[in-house]
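Please examine the model shown below. The report that follows describes how some of its parts are arranged.

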Amino acid sequence: MNNWIELLQDFKLKKQPVALVTVTKILGSAPCKVVSRMIVTKQKEIFGTIGGGKLEFQVIDEAVVSIKENKIKEFSYTLGPEFEQCCGGKVELIIEPMNQTPELFLFGAGHIGVEICTILKDTPFNITLLDTRNNWKNTIEIDKSINYVDIDFDLYKQHINWGSNCYIVIMTHDHKLDFEITALALHSETKYIGLIGSKTKKNKFNNMLRNELNFEAGISPVHCPIGLDIGGHTPKEIAISVAAELLKDYYGK
């Protein structure tokens, strides 16, 4: 596969998760060469080959797992009866998931939202801060690495990069808007949904989701109240608790 760099760039532009399989070592006879490469998508589409047969099928399955877990994996295979081959060679390879940058969408550029942006700067998250209030950006200070968006709620569905790498944090100035965003997120593919609020707000949203939108699961998929219980109540302390929960979820702890 001579065009693997171009293919990876294309997948990166489309923000499509893939895994790059690279043969790193061969001992004895094998149906592939060192640095043979193959790109695998979540749907098991392949570009390139590492020699075909049962070995390739097994590696494709492992590549899909690598994408889902977002973890680099290394394997060593002996090509014997298990793979319906008698060459007896040994193949070592590495599987690297790509385009798995977590996308964090923070709804609400209030004190807590701005603090979260500051705390999570230089972490794995690609952060977008959204607020529907006109000219609100002029009232806050955020790092240039933060993407600020002031579009209306009606445009959120097509603007958000929904998917398995999508993290949603809801803390706007308006409870009605909070509910609309929560409902939208629950009906879209996300990795994490967090909502700031009291037990009263949580119960109210839960009843509205079930009774008005017929969403049987209600609020249960949402982290509410959002954040780890660290005991603090200032905007900065709440932001620290939210950031800690987001990182904990991202790293699978």
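## Helices α3 and α7

Helix α3 (residues 111–120) and helix α7 have axes that come within 8 Å and cross at roughly 50°. Axes here are lines fitted to C-alpha atoms, for helices over the stretch in contact, and angles run from 0 to 180 degrees between N-to-C directions. The two helices α3 and α7 are therefore oblique to each other; angles under 35 degrees count as roughly parallel, over 145 as roughly antiparallel, 65 to 115 as roughly perpendicular and the rest as oblique. The crossing of α3 and α7 is right-handed, a term used if the near helix is turned clockwise from the far one by less than a right angle.

On the α3 side, the contact (heavy atoms within 4.5 Å) is made by residues including His111, Ile112, Glu115 and Ile119. Among the residues that α7 contributes are Pro235, Ala239, Val242 and Leu246. By class, this contact of α3 with α7 has 12 nonpolar, 1 polar and 2 charged residues. Ala, Val, Leu, Ile, Met, Phe, Trp, Tyr, Cys and Pro count as nonpolar, Asp, Glu, Lys and Arg as charged, and the others, Gly among them, as polar.

## Basis of the description

This is a predicted model, in which local features need pLDDT of at least 70 and side-chain atom pairs count only at pLDDT 80 or more, while totals for chains, interfaces and linings use all residues. Residues are numbered from 1 along each chain as its sequence is written, and side-chain values use heavy atoms, with hydrogens and water left out. Helices (H or I, at least four residues) and strands (E, at least two) are DSSP runs, numbered from the N terminus.

## Helices α5 and α6

The axes of α5 (residues 175–186) and α6 (residues 199–211) come within 11 Å and cross at roughly 55°. That makes α5 oblique to α6. Helix α5 passes α6 in a right-handed crossing. Among the residues that make the contact are Phe179, Thr182 and Leu186 of α5, together with Phe205 and Met208 of α6. The residues of this contact between α5 and α6 divide into 6 nonpolar, 2 polar and 2 charged.

Thr182 lies in helix α5. With a relative accessible area of 0%, Thr182 is buried (buried means under 20% relative accessible area, exposed over 50%, partly exposed in between, with a 1.4 Å probe and protein chains only). Leaving aside neighbours within four places in sequence, Thr182 is in contact with Ile170, Leu195, Phe205, Ile219 and Val222.

## The parallel sheet

Strands of a sheet pair through backbone hydrogen bonds, either parallel or antiparallel. In this model, an open sheet of 5 strands has the order β8-β7-β6-β9-β10, with parallel pairing; two strands pair if DSSP finds at least two bridges between them. The edge strands, β8 (147–149) and β10 (192–195), each pair on one side only. Strand β7 (residues 126–130) pairs with β8 over 3 bridges, and Leu130 has Val149 in β8 as its bridge partner.

## Backbone details in the loops

Most residues other than glycine have a negative phi, and most peptide bonds are trans. Lys15, in the loop between α1 (4–13) and β1 (18–27), has a positive phi near 55°. Lys15 counts as partly exposed, at 46% relative accessibility. Asn70, in the loop between α2 (53–69) and β4 (73–78), also has a positive phi near 55°. Asn70 counts as partly exposed, at 29% relative accessibility.

A cis peptide bond, with omega about 0°, joins Cys224 and Pro225. Pro225 is found in the loop between α6 and α7 (235–250).
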